[in-house]
Amino acid sequence: MPELKRTPLLGLHHEMGARMVEFAGYEMPVQFPMGVMKEHLHCRAAAGLFDVSHMGQVIVRGPSDNGAAAFEALVPQSIAGLAQGRQRYAFFTNDAGGIEDDLMVANRGDHLFVVVNAACKAGDLALMRAGLPGCEVEEITDRALLALQGPGAEAVLADIVPGVREMRFMDVIVAESVFDGLWISRSGYTGEDGFEISVGEGQAENLARVLLAYDAVEPIGLGARDSLRLEAGLCLYGNDIDATTSPVEAGLDWAIQKVRRRGGARAGGFPGAERILDELDNGAARRRVGLAPEGRAPMRAGVALYEGEAGASPVGEVTSGAFGPTLGAPMAMGYVPAGLSAPGTRLYGEVRGRRLPVLVADLPFVPANFKR
Amino acid sequence: MKFTEEHEWLRDEDGVIVVGITEHASEQLGDVVFVELPEIGHSVTKDDEICVIESVKAASDILAPLDGEIVEVNEAIVDDPGKVNEDPLGDAWFFKIRPADPGQMDDYMSEAEYKTFIG
């Protein structure tokens, strides 16, 4: 492999027999000896440990506050209204109303802690430095990020940090531990209860080894991470959302708080506001939907969607597709015209030259299991 | 038993050739989630793409190793594609072909040669 970036857990991945791939410029484990299917099922039944150290960790500080008010110029979310110790899903928008990246923002009192996608890291840093005048934007490069996900996650992590038992979904804490300071959020990318843990790079492997020593915990690669998030109906940036998809087209209306919408106290004031606010009121011409193939053949990203079994040009396209191990069936997401977006609508996906029936389906495919 | 460079195995059962994929292939593919088999009675030409196999990772084709007629297919792996990972050399055979020219079998590798081939 060419010069790839490494996470602090690279040696451990190799030791555990991971199959490695290039992802966003990093050498990352796609699967461990257990295999994608069993890793996926194990995470839903017990707990899985993911290395997500490739993601960008950023601290933002304002000149006289934590930068929350300034941050609202970049995202359509309420950041000024985010309580201390809480985290929120957000996205950077562009002037065309598209999505530059999706991210997590936490209010940690005198600063914001932001986690962005690995592939967008450089662009996001530039966007924040240009768009947050007077604020300090500091990329954190000496910390790893681990995710411990699944119904067994709380019991395991509570042995190390008892305080996590009191955390609710989207709470964030900074905790001292035998692994030094841990930045913990109760969140993830699987639809399961769980935690994301930022740990100093010198302690990351020690923490991972201690977590993996529990019977409940198995290492999980990027393969199962993708099938878990797809079952949970969560978008993958670059596939399901990108610079050309608007938040309303993507079905992310729920992530735009009332205070930033028309009639709200801090309405608009973010890139692409005109289009996004208009679509919030009037709807978008196309929508991201769940797709349930009626047969067993998976419909993967790029499969064209048609209204009928023959003729006509495609009406949409699959943006993510895979087999859902918990669902026990193939599943997909894609964009279709608003008029064809009602659950139960039958469309046809063209797979190897044949049009196979697929139903528009509610998301998520597998219900979330968060501790609210 | 003979082996192809496409990681298929071929076993002669009284003149009918049983075809499956090797353990090495099933490991490389990862968990198999979908199999599409040819139709019984179908005449095939060597190197035709006649089966589709999809794993959690990707789709791949299985080529006809010989000219001939498909005489039987293994519906059990369509109903339970996971068998391909569990028992690729046994229960999870794909199809049986009556070769037009049994001499084509000679083109393929022995088990020892295949082991060298996959390293």
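A: Two strands are said to pair if DSSP finds at least two bridges between them. Please note that this is a predicted model.

Q: Which residue is the bridge partner of Val174(A) in strand 11 of chain A?
A: The partner of Val174(A) there is Trp183(A). Strand 10 (residues 172–175) of chain A and strand 11 run antiparallel, joined by four bridges.

Q: And what lies between those two strands in the hairpin?
A: Six residues separate strand 10 of chain A from strand 11 of chain A, and in this hairpin Asp180(A) takes a positive phi near 65°.

Q: What does Trp183(A) stand opposite in strand 12 of chain A?
A: Trp183(A) stands opposite Ser198(A). Strand 12 (residues 194–200) of chain A pairs with strand 11 of chain A in the antiparallel sense, over four bridges.

Q: Are the two faces of strand 11 of chain A covered or open?
A: Both faces are covered. Leu182(A) and Ile184(A) are buried on one side, and Trp183(A) and Ser185(A) are buried on the other. In a regular strand, side chains alternate between the two faces of the sheet.

Q: Is Cys120(A) buried or exposed? 
A: Cys120(A) is buried, at a relative accessible area of 11%. Cys235(A) also counts as buried, with 6% relative accessibility.

Methods
Residues numbered from 1 in each chain as written. Chains lettered and ligands numbered in written order. Predicted model: local features only at pLDDT ≥ 70, side-chain atom pairs only at ≥ 80, totals over all residues. Heavy atoms only, no water. Buried < 20%, exposed > 50% of the residue type's maximum accessible area, 1.4 Å probe, protein only.
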